Amino acid sequence: METNFTTELLRQGAHTALVKSRKAITGFPTNRCSMLGDVCERRLFYWRTEWDKATSDKDSMLGIFATGNILEPVAEDNLKKIGNETEPKFRIIGKQMPTKDNLFEKYNISGTIDGILQIQNANNDWENWGVVDIKTSNPNIFAQIKDINSIKKYGYMRSYIPQLTLYSLAHNLNNCALIFINKANLWDFKVISWQLDYQLAESLLQKADRINKAVADKKPPPKINSQTECANCPFFHICMPDLIADKDKIKIINNDDDLYGLLARREQLSPAHTEYEEVCEELDHYLKQNFTLGQNIICAEYCIEWKQVEVNYKAKEAYTQTQWRKTITKLKEE
């Protein structure tokens, strides 16, 4: 009883501290670079017009954001030290510099850049290479990030590429880079870079233009009615997406306890299952990088043994097969 009571006190204290640490949202009079990658234009409209009605993030998310805010200055200091030791040297300048661009003023776009990456040339002069953004990352996710395509796999990262695309356009630089820092080791980082995609940039400008017109007309863009996108949207309660509009394709079940129990248990186990798969992939990568393929290993109480097998593949004629793949999404709780 005492332990549970103490735990509850700690939980209440953590919640209060996290809520106090959260920056107050005062509205978005402009189209933010960090948001324009959103697939839902109606949500972007609400951030401009109904921002005060957005539901709060869960404590777990607030904690993740707060942790990142604490670690980023340390990681940036480490990058500064690393940049002094490389050949050629590099540095990041213009931290938290607001974007200023005539084109952005036209489309009512604003943003605050993490910095510009400079490289020292043979004459010891500093040259602007491109725009850069620094992200701290869970060690398991960090291990999965290998290129720009791996970034696109994670929904919460989808804004990164459009965001830097706009920064690159505003600062007239052709290169973009994301520097990921491993939260478990702040000296462990990786750089994912790419060149400015003008087609993507143009699509973002056109999206900003549509949002501006919608705000001026006070008419929200159409609903996207997506289970995946709408389930955890902070404006779910005012948008009220038509998720079950087609009654011929969906069956509502309220009295199947077995089905509900399986779905609820699946949700409980999902984080552990995901982490297990990520750790397995990270382990395979570590073994390939540090040991000879086929080398048996004993590490404390763990034994890793390899067995070589040969697989004979028989040729098949090309054919088309219809498959059904399920997606399970939990609807937003009130």
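Me: In this predicted model, a helix is a DSSP run of H or I with at least four residues, numbered from the N terminus. D77 and K81 are four residues apart in helix α3. About how much of a helix separates D77 and K81?
Reply: Both D77 and K81 sit in helix α3. Their spacing is four residues, which means a separation of about one helical turn.

Me: How far apart are the closest N and O atoms of D77 and K81?
Reply: A salt bridge needs a side-chain nitrogen of Lys or Arg within 4 Å of a carboxyl oxygen of Asp or Glu. D77 and K81 form such a bridge, and their closest N and O atoms are apart by 3.3 Å.

Me: Are D77 and K81 buried, exposed or partly exposed?
Reply: Buried means under 20% relative accessible area, and exposed means over 50%. D77 has 35%. K81 has 43%. Values in between carry one label, so D77 and K81 are both partly exposed.

Me: How many salt bridges are there by this rule?
Reply: The pair D77 and K81 is one of them. K95 and E76 make another. By the rule, the count comes to 13.

Me: How many residues apart are K95 and E76?
Reply: The side chains of K95 and E76 meet in a salt bridge of 2.7 Å, N to O. K95 belongs to the loop between β2 and β3, while E76 belongs to helix α3. The pair links distant parts of the chain, and the separation in residues is 19.

Me: Which residues are joined with R158 and E229 into one network?
Reply: Salt bridges that share partners build this network. Besides R158 and E229, the network holds D38 and R43.

Me: Which element supplies the largest share of the lining of the second largest pocket?
Reply: This pocket has a volume of about 260 Å³. Its lining includes E76, D77 and K95. α3, β2 and β7 each supply at least two lining residues. The largest share, four residues, comes from α3.

Me: How many residues of that lining are charged?
Reply: The lining of the second largest pocket has five nonpolar residues and one polar residue. Asp, Glu, Lys and Arg count as charged, and the charged residues number six.

Me: What is the phi of Q96, and what is that of N108?
Reply: Most residues other than glycine have a negative phi. Q96, in the loop between β2 and β3, is partly exposed at 45%. N108, in the loop between α4 and β4, is partly exposed at 25%. Phi is positive in both: near 55° for Q96, and for N108 about 55°.

Conventions
Residues are numbered from 1 along each chain as its sequence is written. This is a predicted model: local features need pLDDT of at least 70, side-chain atom pairs count only at pLDDT 80 or more; totals for chains, interfaces and linings use all residues. Side-chain values use heavy atoms; hydrogens and water are left out. Buried means under 20% relative accessible area, exposed over 50%, partly exposed in between (1.4 Å probe, protein chains only). On a 1 Å grid over the protein atoms alone, a cavity is a set of points where a 1.4 Å probe fits but cannot get out, and a pocket is an open set with protein on both sides within 12 Å along at least five of seven lines; lining residues have an atom within 4 Å of a point. Grid points are joined across faces, edges and corners, and a volume is the space filled by probe spheres set on the points.
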